[in-house]
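The points proceed from the overall fold to individual side chains.

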Amino acid sequence: EAVAFRLTWDDPTESVKGSPDAFAVLLKPSRSAGDVVTLQAWPYVGAPALDLCSWRADTSQAVEGLATTFNRVLAQSRHQVSLPSTARYADGRWQLILHRSVQSDPPGAAVIGAAPLTSVAFAVWDGDHPEARAISPWVDLALPDRH
């Protein structure tokens, strides 16, 4: 019914005030038009919206919503759905546990496990350098058969 992501990344300073540290799990929405070959160039003119499950250190809250830009992560809006999450910072590392239903919660969001593989990617922001972000390539996520 749900998937939990346990995410850990190095960050030399805990940034909570001002520009917060942030993290996002990116999924391709169901029925999305267009293709995103590399996230290094996203967003671009005509790019499809992505399903962003994002977390910010200043609110210590995770949300999900469809977005056509990464700015949605750093400027959370009322068009997002809250996600259960816990985070802690210790010894120069963040550890985040993010829970998300396999079904789409915001209308049109990704359905995890509907196909044998679900494409996911990850983005992280260091609050001390909010203009910079690290983005992973797409990674195939396979869930065990639920039947």
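This is a predicted model: local features need pLDDT of at least 70, side-chain atom pairs count only at pLDDT 80 or more; totals for chains, interfaces and linings use all residues.

1. From the N terminus on, the elements of the protein chain follow the order β-β-β-β-α-β-β-β-β-β-β.

2. Of the 147 residues in the protein chain, 40% count as buried. Among contacts between residues at least 6 apart in sequence, 59% join residues at least 24 apart. The chain has an accessible surface of about 7,900 Å², and carbon and sulfur atoms account for 53% of that area.

3. The largest nonpolar core contains 21 residues, and Leu7, Trp9, Phe23, Val25 and Trp55 have the most contacts inside it. At least two residues of this core come from each of strands E1 (2–10), E2 (22–27), E3 (50–56), E7 (93–101) and E8 (118–125). E1 gives the most, with 4 residues. In general terms, nonpolar side chains of soluble globular proteins tend to be buried together.

4. Leaving aside residues up to four places away in sequence, Val25 touches Phe5, Leu7, Asp51, Leu52, Cys53, Leu98, Ala121 and Phe122. A second, separate core has 15 residues, including Ala24, Phe70, Ala121 and Ala123.

5. An open sheet of 3 strands is arranged in the order E1-E7-E6, with antiparallel pairing. E1 and strand E6 (85–90) are at the edges with a single partner strand each, so one side of each has no neighbour in the sheet. From one strand to the next, the twist averages 10°. The antiparallel pairing of E1 and E7 extends over 9 bridges, and Ala4 stands opposite His99 in E7.

6. The whole structure holds 4 salt bridges. In one of them, Asp10 pairs with Arg93, with the closest N and O atoms 2.8 Å apart. Asp10 belongs to strand E1 and Arg93 to strand E7, so this pair ties together parts that are 83 residues apart in sequence. Asp10 is exposed at 58% relative accessibility, whereas Arg93 is partly exposed at 40%.

7. Glu64 lies in strand E4 (residues 61–67) and Arg100 in strand E7, so the pair links parts that are 36 residues apart in sequence. Through shared partners, salt bridges join Asp51, Glu64 and Arg100 into one network.

Definitions and conventions:
Residues are numbered from 1 along each chain as its sequence is written. Side-chain values use heavy atoms; hydrogens and water are left out. A nonpolar core is a set of buried Ala, Val, Leu, Ile, Met, Phe, Trp, Tyr and Cys residues joined through side-chain atoms within 4.5 Å. Buried means under 20% relative accessible area, exposed over 50%, partly exposed in between (1.4 Å probe, protein chains only). Contact means heavy atoms within 4.5 Å. Accessible areas come from the Shrake-Rupley method with a 1.4 Å probe; for residues, only the protein chains shown count as cover. Two strands pair if DSSP finds at least two bridges between them. Axes are lines fitted to C-alpha atoms, for helices over the stretch in contact, and angles run from 0 to 180 degrees between N-to-C directions. A salt bridge is a side-chain nitrogen of Lys or Arg within 4 Å of a carboxyl oxygen of Asp or Glu.
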